[in-house]
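This report describes a structure of protein chains and how they meet. The sequence and the model come first, and the description follows.

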Amino acid sequence: MEINTDKIAEDCIKAINEKIKNLKTLNIIVAGKTGVGKSTLINGMFRENLVETGMGKPVTMHMRKISKKGFPLNVYDTRGFELGKDAQVEVKKEVVEVIQKGIVSKDVNESIHCIWYCINTASNRVEQEEIDWLKDFTKENQVTQVPIIIVLTQSFSKKKAKEMRDMILNENLDVIQVVPVLAMDYDIDDEYIAKAYGLDTLIKVMSEVLPNELQDTLQNVQKASLEEKKRYAQAAVVTATAAAFGEGFSPIPFSDCALLIPTQVAMIASITAIFGLDINKSLITSFVSSTVGAGGATIAGKTIVSNLLKLIPGAGTIAGGSISGATAGMLTTALGEAYILLMEAIYKGELKSSEMNTDIGKQEMKKLFKERIKANK
Amino acid sequence: MQNTKKIWCIMSGAVILVVGIFIVPRCLKKLTGEIYKKGHRKINFENLGPEIVKKDTKEQENGN
């Protein structure tokens, strides 16, 4: 059977576009006083440099919505916490209103999925009015149950961050977690810098509280942790492998290929969406043409033998299914792992999409795929 | 008897095909999230803090 790589690449591009278009929108409220480092946190966490001076559409008196067309994330940034008790009451009222509006819409794209309350560790103490605000708000939130995460921003001092975290935990607030972060490298003095940290922890904490339908979106929009993107992509490969293994058992001889290709296309689309990269057709064509047939004669032989075995009813179907399932699973794992490595290289800027179209690029891809097959045998 | 076997074979093949194309991708989405979450290592919050490193000499030179 001849495999049309151009058609597969076209299907992949369609699936990728569809996948990205269908990502659910993640909505986060970022609350806290002006100057605590909310903008740095947002820019450190998400792609697309969301926060720029003057950007954001006012949704209420004390809240602006930061979003970008085609980017599945809305950040609701609160303002006015520092203006005293009355303003804080107003902010609380507006936050509750926005949450309720989302609930009434019964649309996951409109609902508020998480609240980050930001406190600056460098300020040395948590003001009582902030604790009171959180206590009042969490009381109202008992009905709406939106997960609240306290983010300790500018935590360049480990000691201070620990003290502040313990202090907040002692207040027994109804919050999911208190996470210290340093969103950007910080110059301690002329000689030393404190490296940014904590954003990957925030992603993990977020992933624990977000529903499954928003996990793809979280990985797509975040830029803080390549490791988490890779881990999530590997989980996508595991599930696709399990599906491919089952599809290999299809009792109709030579039908497994028809089932396998859509599963692998869906896997490629998922991985691309997780990395949030712009992938063009020529790159996918190069990837497909480099990997198809790279498995060599052993895999082709196994496929033919297993499918011929399926022609024998009963024992032949089982034996053929087992061989075919194992081959399909191995191929899918190798394909997925090779594609993750490719995405990682492009993400890090080690490889340009244009390099993939060259003979050297294709040879490299073929080598990578063969290595993955060998590793998964 | 032969006909019944053939019909059974075609029917089961068709069901597997539909499941493979339409149901599996949806299940994958749910399963992926679960597998990812189960793979989380326990976060040690007590030990969270920045790594302190010496500034790159080149960076310093550029800065100056």
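## Basis and terms

Helices (H or I, at least four residues) and strands (E, at least two) are DSSP runs, numbered from the N terminus. By that rule chain A has 13 helices and nine strands.

This is a predicted model, in which local features need pLDDT of at least 70 and side-chain atom pairs count only at pLDDT 80 or more, whereas totals for chains, interfaces and linings use all residues. Residues are numbered from 1 along each chain as its sequence is written, chains are lettered from A and ligands numbered from 1 in the order in which they are written, and side-chain values use heavy atoms, with hydrogens and water left out.

## Chain A

Chain A has 377 residues, and 53% of them count as buried (under 20% relative accessible area; exposed is over 50%, partly exposed in between; 1.4 Å probe, protein chains only). A contact means heavy atoms within 4.5 Å. Among the contacts in chain A with a separation of 6 or more, 72% come from residues 24 or more positions apart.

## Interface between the chains

On the chain B side, 33 residues are in contact with 48 residues of chain A. The two chains bury about 3700 Å² between them, 65% of it on carbon and sulfur atoms; this area is the accessible area (1.4 Å probe) that two parts lose on being put together, summed over both.

Three salt bridges are counted between chain B and chain A, each being a side-chain nitrogen of Lys or Arg within 4 Å of a carboxyl oxygen of Asp or Glu. One of them joins B:Lys54 to A:Glu191, with the closest N and O atoms 3.2 Å apart. H1(B) gives the most, with 18 residues. By class, this side of chain B has 15 nonpolar residues (Ala, Val, Leu, Ile, Met, Phe, Trp, Tyr, Cys and Pro), eight charged (Asp, Glu, Lys and Arg) and ten polar (the others, Gly among them).

## A sheet across the chains

Strands pair if DSSP finds at least two bridges between them. Three strands form an open sheet in the order E8(A)-E9(A)-E1(B), with antiparallel pairing. The edge strands, E8 (186-187) of chain A and E1 of chain B, each pair on one side only.

Strand E9 (residues 192-194) of chain A is joined to E1(B) by three bridges, and A:Ile193 stands opposite B:Val53. E8(A) and E9(A) pair over two bridges, with A:Tyr186 opposite A:Ala194.
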